[in-house]
Amino acid sequence: MEEQWQRRVEALEEEVLLLRKEIASLKQHPPVSAITEKAAASKPKYNGAIVKRESPAFPKPAGQERTIEPKVPDKAKKSFEEQLVAVLPKVFMFIFVLGVLWGLKLISDYGMLTDGMKISLSYIASIGLAGLAFFLEKKKKSVRAMHTALYGGSFAVGVLATAAAVLIYGVISSMPALFIALAYIIYGIFLCYWKGSEGLTIFVMFTSLLLPYLLEFMEFNSLFVIGFVVLLFIAIQLVLQRHQQWIALYITTLFTGLSTLILYVMGDGESVVYPFGWLLIVLTFFAGWIFTKERRKWPKIQEGLLYSFGVFGVTFLHVFSEGEIEKFLFFAAAAISTAGMAFWMHKRSEKSLADIFLAIGIVSIVNGLLAWDVDGDWRTLAILTTAFIGILLGVRVQAPIMKITNTAILAFTTLYIYIGYQVDEGLELSMHILSILYFIIAIYSSEKVKAESFLSVWLKKAYWGELTRVATFWIMVLFIAKIDTFYISDSYTLYFTMSFIALSCAAALIAPPKIVGAALPALLLGIMSFCTLIVWSSISIYDEVLLQLAMHLIYIGVWGALIMDLYYKGAIYRRYEKHLQPRFEQLLIVGWLITLVNVWNMAYFISEIGYLPAFLYVIFATCLLFAFAVGFILVGRRQGLHLMSKSGFVLLIIAIGKLIFFDLSSLDLLVRAIVFLLVGAIGLLLSNKLLKKE
């Protein structure tokens with residue numbers, strides 16, 4: 001029946017193709033009626049009579065009878081209700097199977113039937129479901145989803161009944177049960193091949209993987225158990241290739257790998273069969289993926305999944321292999337196999353797949369080298385480098401899943417390095433530096449390629465580039481803090497780290513936006529503002545004097561440069577003009593006040609460490625206040641900045657108040673006289689200048 005439908009569909013496709021060719025040939029010649037009307041309009045008239053001409057004849061394409069191009073209807077998309085209705089038979093069949101099992105359990109609890117009768121009823125139910133499905137299909141009394149669900153239910157009941165007969169009730173000996181289970185598995189694979197339902201394929205594969213546990217219970221050796229798993233996975237590939245079921249390919253691969261891992265834990269873990277079987281499963285997945293034509297749907301996502309499955313599959317060989325030589329040989333086999341696939345893809349002009357298999361081969365080589373008894377630091381470095389290679393490959397082949405997966409691995413490995421390692425040894429220091437370089441290179445290589453896939457566009461809209469820049473900066477801060485703690489500072493205040501933050505802020509504001517992005521400069525400015533508060537409150541005469549002095553000078557220089565750029569409307573101002581222009585005067589006032597406090601704070605620090613006498617510090621602070629007050633007033637008047645001018649008068653009042661109420665008690669008579677004379681003279685000059693402008 002299925003073959004007849006297939007032949008009908010192929011015949012229909014040939015007819016549609018022929019019809020399209022005929023329509024295309026028709027379009028090359030205009031209709032005869034249009035040519036006739038044009039010719040009639042150009043006919044010469046003799047005495048009011050039109051001389052009739054025969055309309056030119058055009059060759060009609062062979063077999064062409066229609067003149068109207070039929071519209072080929074698009075494939076109807078199923079509504080949500082239709083999709084739900086299609087799933088219902090599978091759901092109710094699952095409920096029915098559970099009902100059968102619980103019914104038998106209930107009968108067993110009441111002692112109504114013997115164990116043999118319960119198993120017999122299960123087999124009768126299995127055969128009955130298959131017979132009912134065949135009858136409904138033959139008579140065309142059910143839809144395809146219905147009888148497919150019935151076939152799946154018959155398979156599940158049979159396999160579960162066989163497992164229960166051996167493991168729970170013991171009514172069937174091991175060997176007959178094994179042959180019955182194999183018969184049901186063959187029946188299930190035949191159903192999958194015949195019906196072509198992707199859900200049925202996944203269900204049959206999941207249920208069939210119960211047999212290896214039965215084999216383990218029967219104490220078969222690991223070669224027989226793993227051999228069955230591998231053969232089952234290879235057999236299911238025939239179904240996957242026949243019906244191009246690409247989702248089932250990934251899910252069945254996961255089921256097979258998980259089953260192998262569980263069997264390894266349950267069985268003889270030292271057997272060489274497990275890594276060999278695992279490697280065959282990975283290579284079978286590669287071959288199945290290559291021959292699946294449906295991989296052309298969402299190719300970038302599927303290429304990313306191929307790489308992720310491949311890397312995890314190869315890396316998991318560490319779990320199954322024990323000896324160093326054994327591990328190395330298996331990784332070498334994986335590297336040779338993937339290199340062969342890369343060469344094959346290169347010959348087929350599929351460059352992206354060649355790159356992916358080549359990268360998996362590199363991962364295999366790295367893991368092979370790590371199979372020997374090497375230090376754990378080298379293993380961490382290898383994982384870090386492998387993730388970085390995966391990111392670059394994901395950028396090259398435009399596979400967003402690959403980029404996300406390897407970025408996550410790189411991030412977690414970097415976090416592990418920064419939490420678990422110090423910077424007192426060369427290799428550990430190199431890992432810290434390399435993690436930062438890898439992040440920077442990965443960010444800028446990603447942004448060189450135009451986002452095309454849906455996921456890449458979504459990541460761009462989600463500010464993925466901005467987030468990674470911010471994360472990279474914090475990694476750099478953590479690294480500098482470690483260097484500061486281990487090599488430079490002896491106190492809890494990280495002076496070198498705070499200096500680095502200030503210099504980074506200046507660099508981010510100057511650097512081109514395509515390098516630093518939009519969010520990082522604003523974030524750094526906020527962090528530097530917070531660190532400025534720490535600088536004001538972190539003066540200590542017991543810590544490193546030169547470090548503290550350098551930190552104060554750096555903060556004075558950075559803030560001063562930013563305020564001068566704002567005042568003269570330099571490069572930074574022009575770049576962020578739309579944000580700065582509405583608040584220009586307020587920002588200018590705040591910036592100069594921060595600079596005032598920075599300078600005052602540094603003078604206080606110099607005074608505390610004994611390099612500046614106390615009376616000179618008092619004089620310097622008062623003069624500083626007067627100088628900034630005068631500057632505020634003059635600039636405000638000159639530029640028409642009224643708020644700044646008012647702020648200058650407020651500072652002037654504060655300076656006079658300090659001079660009268662604080663400096664009088666702190667200075668001796670001679671110094672007091674000199675200070676008052678200077679301040680009075682400067683004040684008179686300022687007053688005279690202001691009165692002239694009035």
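Biologist: Glu15: buried or exposed?
Modeller: Glu15 is exposed, because its relative accessibility is 54% (exposed means over 50% relative accessible area, buried under 20%, and partly exposed in between, with a 1.4 Å probe and protein chains only). This is a predicted model, where local features need pLDDT of at least 70 and side-chain atom pairs count only at pLDDT 80 or more, while totals for chains, interfaces and linings use all residues. Residues are numbered from 1 along each chain as its sequence is written, and side-chain values use heavy atoms, with hydrogens and water left out.

Biologist: Where does Glu15 sit?
Modeller: Glu15 is in helix 1, residues 2-27. Helices here are DSSP runs of H or I with at least four residues, strands are E runs of at least two, and the numbering starts at the N terminus.

Biologist: Which residues form the negative surface patch?
Modeller: Glu10, Glu13, Glu14 and Glu15 form it. Patch residues have over 30% relative accessible area and no salt bridge; like charges are joined within 9 Å, and nonpolar side chains (Val, Leu, Ile, Met, Phe, Trp, Tyr) within 5 Å. Asp and Glu count as negative, Lys and Arg as positive, and His and the chain ends are not counted. A charge is placed at NZ of Lys, CZ of Arg, CG of Asp or CD of Glu.

Biologist: And which residues form the nonpolar patch?
Modeller: Ile325, Phe328, Leu329, Ile365, Leu369 and Trp372, with about 590 Å² of accessible area together. Helix 14 (324-347) and helix 15 (351-370) each give two or more residues to that patch. Helix 14 supplies the largest share, 3 residues. Accessible areas come from the Shrake-Rupley method with a 1.4 Å probe, and for residues only the protein chains shown count as cover.

Biologist: Where is Trp372?
Modeller: Trp372 lies in the loop between helix 15 and helix 16 (376-397). Trp372 counts as partly exposed because its relative accessible area is 33%.

Biologist: Switching topic. How many salt bridges does the structure hold?
Modeller: The structure holds 1 salt bridge, meaning a side-chain nitrogen of Lys or Arg within 4 Å of a carboxyl oxygen of Asp or Glu. Glu350 pairs with Arg348, and their closest N and O atoms are 3.2 Å apart.

Biologist: Is Glu350 buried or exposed?
Modeller: Glu350 is buried, because its relative accessible area is 18%. Arg348, at 34%, is partly exposed.

Biologist: What does Ser364 touch?
Modeller: Leaving out residues up to four places away in sequence, Ser364 touches Val314, Phe331, Ala334 and Ala335; contact means heavy atoms within 4.5 Å. Ser364 is in helix 15 and counts as buried, because its relative accessibility is 0%.

Biologist: And Leu588, what does that touch?
Modeller: Ile563, Leu566, Tyr567, Leu641 and Met644, again not counting residues up to four places away in sequence. Leu588 is in helix 27, residues 584-608, and is buried at 0% relative accessible area. Leu588 and Ile563 are 25 residues apart along the chain, with 6.6 Å between their C-alpha atoms.

Biologist: What about the chain as a whole: how many helices and strands?
Modeller: The secondary structure comes to 30 helices and 2 strands. Of the 694 residues, 43% count as buried. The chain exposes about 38900 Å², and carbon and sulfur atoms supply 69% of that area. Among contacts between residues at least 6 apart in sequence, 72% join residues at least 24 apart.
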